[in-house]
Amino acid sequence: MKRKAVLLVNLGSPDSPAVPDVRRYLREFLMDGRVIDAPWPIRFGIVHFTILPKRPHASSHAYQSIWTEEGSPLIVISQRLRAALQARVEIPVELAMRYRNPSIAAAVRKLAGLGTEELLLIPLFPHYAMSSYETAVEAARAELARNAPSIRLRVAPPYYDAPDYLHALSESAAPFLEEPFDHLLFSFHGLPERHLRKADPTGSHCLKTANCCEAPSPAHATCYRAQCLATVRAFLARQPVPKAKVSVAFQSRLGKEPWMLPYTDREIARRARAGVKRLVILSPAFVADCLETLEELGIQGRNAFLEAGGERFTLVPCLNDHPLWVTALQRMVTDFTGSPCGETEDLFNSFLQK
């Protein structure tokens, strides 16, 4: 029996909210060619001469507003999730961040030292995007090739429509939908429209028509927007909310190029001005609360809603370490441990090895 292990990978966080640590984190994150997918010299100029001179100071202030005594919320919550999963499975479970610490390199060294022969990588991103899911997979693949080439890598495919994930999402949100509300806004992390077109293997589907995400296409296997909308439809099948009370928006845009529409910050204010007094926001793309949920939505979004005339702003917590989310991950691990080594590779290997 080959020795198996699990690696959970999330995005990452600065080591502290201090400006130097935030700058280091932003440099590593933004210099990733799957985040800013421009040629290296252009990317270097954008990051070092346009973004890093000013953004670390603003981001430092934002991180300070959510930092806890234990540290970064994203790291602390992810560590709790790892511990909860480890308590339910017999094989080793490690946690790593795509950027900064705990690093993928450190996790791979530890797992190699335990004699791991086959590794299940679970990117903590339900939906495919090259700037989240794909970069996590490629970073793990590269680290294994450098330092543990004998370990066979298996990758959990995006689980945006997986029944266990959807059940956890629906049940964790249910208590927040029991009180009367006027509108439910699904806020997903945004992407440049260019990323959607780039990930389209057909080259002729994504953003070519108004309803491209509803028309069946092989492009949906790697289309972030189509997968986000599929999650919304599946959620609403479990928690029936009238369509007139639901909308979808995308947050966290960077730069001036076109990003996925509509923008969350504008949608929040627009809904308040249109008479929505009680707003509920759900963020299915984030499985752990982080800067984008706690500060961008929980502080900036709340203030914008109240200033525009809203009265009650309810931010549904992410899945975090909810028992049903742990169960969903446990099921992935159980499927992995019960399958023979060398079974069919995950659906995305051929695409990710391009």
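Predicted model: local features only at pLDDT ≥ 70, side-chain atom pairs only at ≥ 80, totals over all residues.
Modeller: Residues are numbered from 1 along each chain as its sequence is written, and side-chain values use heavy atoms, with hydrogens and water left out.

Biologist: What is the strand order of the open sheet of four strands?
Modeller: Strands are DSSP E runs of at least two residues, and helices are H or I runs of at least four, numbered from the N terminus. Two strands pair if DSSP finds at least two bridges between them. Pairing in this sheet is parallel, and the order is S2-S1-S3-S4.

Biologist: Which strands stand at the edges?
Modeller: An edge strand here has a single partner strand, so one side is left without a neighbour in the sheet. That is the case for S2 and S4 (152–155).

Biologist: Which residue is the bridge partner of Leu8 in S3?
Modeller: S1 and S3 (residues 118–123) pair in the parallel sense over six bridges. In S3, the partner of Leu8 is Ile122.

Biologist: What angle does the direction of helix H6 make with that of S3?
Modeller: H6 (residues 130–147) packs on the sheet, touching S1, S2, S3 and S4. Contact means heavy atoms within 4.5 Å. Axes are lines fitted to C-alpha atoms, for helices over the stretch in contact, and angles run from 0 to 180 degrees between N-to-C directions. For H6 and S3 the angle is about 155°.

Biologist: Is Tyr99 buried or exposed?
Modeller: Buried means under 20% relative accessible area, exposed over 50%, and partly exposed in between (1.4 Å probe, protein chains only). Tyr99 lies in strand S2. Its contacts beyond four places in sequence include Leu11, Tyr25, Phe29 and Thr135. With a relative accessible area of 0%, Tyr99 is buried.

Biologist: Why does Ser247 count as buried?
Modeller: Ser247 sits in strand S6 (residues 246–251). Among the residues that Ser247 touches are His183, Phe186, Glu267 and Arg271. Ser247 counts as buried because its relative accessibility is 9%.

Biologist: Which strands and helices do the buried residues of H4 pack against?
Modeller: H4 covers residues 73–86. Its buried residues include Pro73, Ile77, Leu81 and Leu85. They pack against S1 (4–13), H3 (55–66), S2 (93–100), H11 (291–307) and H12 (323–337).

Notes: Expected span 1.5 Å × (residues − 1).
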